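Dear colleague,

Please find the structure below, handed over for your study.

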Amino acid sequence: MDKTKSYEISRHTVWEAYKLVRANKGAAGVDEQSIQKFEENLKDNLYKIWNRMSSGSYFPPAVKAVEIPKKNGGVRMLGIPTVADRIAQMTVKLTFEPLVEPIFHSDSYGYRPGKSAIDAVRVTRTRCWRYDWVLEFDIKGLFDNIDHELLMKAVKKHTDCPWVILYIERWLTAPFQMKNGDKVERRSGTPQGGVISPVLANLFMHYTFDQWMVKEQPNNPWARYADDAVIHCRTQKDAERLLERLGERFKQCKLELHPEKTQIVYCKDADRKGDHPEIKFDFLGYTFRPRRSKNRHGKFFINFTPAVSNKACKAMRQTIRGWRMHLKPDIEIEDLSRKYNAVIRGWINYYGHFYKSQLYPVLRHMDLALVHWARRKYKKLERHKMRATRWLGRLARNLPHLFAHWQMGILPATG
């Protein structure tokens, strides 16, 4: 170890951190420096990060505050660190995450290696068939309201590495820089958008909720993805009692349940005869509710099961409209495929896991947008919507690999 350095940080770890940040892409922070710009002087820039972190003189710059509109109205505040700061955070994450990841609960699914939102939806579907009631809850501004003192107590429980502790503390208090340049001090929370934030939020929730459930409510299975979670209960009374206890537990940990996104739901199906005003809930872009399903013998029955939510469908249709394809008659259909196919494939891969047919109207909306584009591009189709639709249908049959939904056999209606 270099005698002038306070901390022993491997240069190799900084290099690995840079490679991961580069793969994740991401926008520039307050210094407006992109990854490409950072790479113009890569060796020196990485050396600077390593040198400052090793000597204890690394202080994170302000985090760029970016407002992201939420699907249900309102905005979510994202904090975008600079490229250099993302690399510094990743260096700490690579050291700290392996210490806490093994202790996390198997039903915590958010931002974890080898786990996904679809895993959480799948296990929730199975449990809804076994348990009659669900308590669905959401935490009001988890990433904004995490108590720093409680979080640092949890961090120190899992590491005594002085530089990991030092830099996590510094990131927690790095100010937000607003659009107008004003800097806002932060006394709670860990910015959504930070590299280290997801593992810190999971650690906080591990002690606030996951471990508490294991000890206090061992008979109620649950699934959690960051601040979004569902708990399964046998009876309505059980769910009501649990909701009360949960509210108290979060208050102890200086968090609050979101009143509009927390509810008790009856998982109604063909065999569950009781009535209840709430028989559906949304979880991770899927709506769970009673649906007409077919069993293996071809008989129809009512099943409580997930499908893509109306909110998610609306957001996808808005995205398609936002592409404004009809204003691009100068480009070829292959260009549209190259531009948008990855997004469509992503939607199918995520929302097509359960009750896929619910996704078809969105994919047909994509075809309507392509018809609109074709009528702008080709004079002979301009006044004939039906002719344009038939043209697109023929193209889809001849070149099914052009768009992801055509590969599924969802072809434009030819009338």
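How do the residues of the lining of the second largest pocket divide into nonpolar, polar and charged? In this predicted model, that lining has twelve nonpolar, six polar and four charged residues. The second largest pocket has a volume of about 410 Å³. Of the 22 residues that line it, Asn24, Gly193, Gly194, Val195 and Pro198 are the closest to its centre. Helix H4 (83-100) gives the most to this lining, with five residues, while helix H1 (11-24), S2 and H9 are also among the elements that each supply at least two.

The largest pocket has a volume of about 1,400 Å³. It is lined by 39 residues, and the closest to its centre are Arg76, Asp138, Asp227, Asp228 and Lys261. Strand S2 (75-80) provides the largest share of this lining, four residues. By class, the lining of the largest pocket has 18 nonpolar, eight polar and 13 charged residues.

The largest cavity has a volume of about 50 Å³. Its lining includes Val63, Trp171 and Ser197, and by class it has four nonpolar, three polar and one charged residues.

H9 bends by about 50° at histidine 206. Because 15 of its 20 residues are buried, H9 is largely enclosed by the rest of the structure.

Yours sincerely

Conventions
Residues numbered from 1 in each chain as written. Predicted model: local features only at pLDDT ≥ 70, side-chain atom pairs only at ≥ 80, totals over all residues. Heavy atoms only, no water. 1 Å grid on protein atoms, 1.4 Å probe; cavity = no way out; pocket = protein on both sides within 12 Å on 5 of 7 lines; lining within 4 Å. Points joined across faces, edges and corners; volume = space filled by probe spheres on them. Nonpolar A, V, L, I, M, F, W, Y, C, P; charged D, E, K, R; others polar. Bend = angle between axes of the 7 residues up to and from the residue. Buried < 20%, exposed > 50% of the residue type's maximum accessible area, 1.4 Å probe, protein only.
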